[in-house]
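Hi there,

Here is the structure I promised to pass on to you.

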Amino acid sequence: MNISGRAAIVGLGATEFSKSSGRTELRLAMEATLAALSDAGIDPKEVDGFSSYSVDKVPEYEIARLLGARNVSFFSQVPHGGGAACGPVLHAAMAVATGIAKTVVVYRAMNERSWYRFGTGSYGFGSTPFFDNVNYGWYMPHGFHTPASWVGMFARRYMHSFGATSEDFGRVAVAVRDFAATNPNAFFYGKPITLEEHQASRWICEPLHLLDCCQESDGAVAMVITSSDRAREMKTKPVYIKAAAQGISDGQQSMTSFYREDITGLPEMGHVARQLWQQSRLTPKDVQSAVLYDHFSPFVLPQLEEFGFVKRGEAKDFIRGGEHARGGSMPINTHGGQLGEAYIHGMNGIAEAVRQIRGSSVNQVKDVHNMVVTAGTGVPTSGLILGDEA
């Protein structure tokens with residue numbers, strides 16, 4: 001059974017994005033959820049499903065209790081942090097398409113700056129010897145302490161193999177900061193950067209500069225998903241889930257798949273892409289804009305290649321031509337991305353795709369009918385195609 005076009009996003013809500021929210025993650029989640037339900041015109045008591053993903057400390061039963069939900073039939077939490085960002089939408093679509101649930105809320109709420117620093121490299125792995133943590137014991141003694149260092153390995157090999165440069169990564173950052181500069185909800189609203197400023201920013205772990213690295217943010221985003229038939233009766237324009245997929249590929253580890261024969265690509269994202277094209281029966285030519293997970297700018301390039309938007313090794317030419325930027329042939333991360341708007345672990349990217357399909361983005365692309373959205377790379381991952389028709 002194909003889930004394509006059988007479920008739709010009908011409600012969207014978010015808090016402000018900041019570095020100090022001043023309230024609990026539960027409250028942030030409730031604010032975003034109530035806003036999404038209000039946007040959809042759905043009574044909170046009607047919610048019978050929830051889905052989120054790991055590194056979230058807000059339990060679905062507490063949201064259900066506070067909403068006054070009567071009988072919840074479906075709830076899930078997808079593993080692998082940012083790589084799971086599109087997973088809850090997949091789970092919600094399957095629940096709705098199979099009749100398990102009628103009204104599913106997907107959400108993400110984090111205080112990853114004010115409550116703790118998300119990317120410090122101090123994770124307490126030694127005191128919690130679960131498998132994932134033991135795995136990092138093979139890397140951390142050699143200096144691989146932070147996500148930037150893990151991604152730096154892939155980025156350096158990609159540069160060596162295909163001639164990409166630090167300036168190419170900088171062009172990704174400059175373009176998303178340009179979008180953020182005109183987005184009042186972005187943390188870097190009114191603060192564009194130049195390529196020269198990118199190159200002058202301090203090294204975090206070569207070849208990554210500070211401005212290649214995403215933010216640590218406080219905030220929450222929530223969405224409401226229901227059946228396509230019901231969505232047509234809602235007060236908001238439905239955004240249809242044309243395809244949704246998850247992927248693990250050969251030799252997969254969490255951020256450290258260094259023992260593959262080739263570490264210049266993202267095969268798990270390629271696996272996701274093939275599923276999305278098959279489910280939706282669309283091709284790269286049918287997509288007008290994309291939200292590509294930009295926790296680190298270098299990983300935007302191989303994602304373009306894995307989806308077939310460009311040939312292998314040619315993403316740098318696409319970026320140098322400005323095709324990803326304002327006015328380009330396929331603008332990417334028009335909300336400002338996680339580099340410029342906020343790092344809500346990918347959920348704010350899905351929200352931007354919804355706005356683009358609705359025609360309500362502050363950086364609206366002309367005639368958007370289909371959007372590709374991706375989740376975190378370097379880990380088991382996920383993706384979506386959202387569209388304006390079922």
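**A buried lysine**

K242 is buried yet forms no salt bridge, and the nearest side chain of opposite charge, D388, lies 6.0 Å away. Some terms to go with that: buried means under 20% relative accessible area, exposed over 50% and partly exposed in between, using a 1.4 Å probe and protein chains only. A salt bridge is a side-chain nitrogen of Lys or Arg within 4 Å of a carboxyl oxygen of Asp or Glu. For charge, Lys and Arg count as positive and Asp and Glu as negative, while His and the chain ends are not counted.

Please keep in mind that this is a predicted model, where local features need pLDDT of at least 70 and side-chain atom pairs count only at pLDDT 80 or more, while totals for chains, interfaces and linings use all residues. Residues are numbered from 1 along each chain as its sequence is written, and side-chain values use heavy atoms, with hydrogens and water left out.

K242 sits in strand β8 (residues 239-247). Helices (H or I, at least four residues) and strands (E, at least two) are DSSP runs, numbered from the N terminus. Leaving aside residues up to four places away in sequence, K242 touches, among others, S4, Q279, S280, N370 and E389; contact means heavy atoms within 4.5 Å.

Just after α9, R281 takes a positive phi of about 60 degrees.

How many of the 11 residues of helix α3 (residues 87-97) are buried? The count is 10, so α3 is largely enclosed by the rest of the structure. Among them are P88, H91 and V96.

A180 belongs to helix α6 (residues 166-181) and counts as buried because its relative accessibility is 0%. Its contacts, not counting residues up to four places away in sequence, include F188, Y189, H335 and E341.

H209 is in strand β6 (residues 208-209) and is buried, with a relative accessible area of 3%. Its side chain reaches the backbone oxygen of S201 at 2.7 Å. Beyond residues up to four places away in sequence, H209 touches S166, H198 and W203, among others.

Happy exploring!

How values were computed:
Polar contact = N/O pair within 3.5 Å; in protein donor to acceptor, adjacent residues only side chain to side chain.
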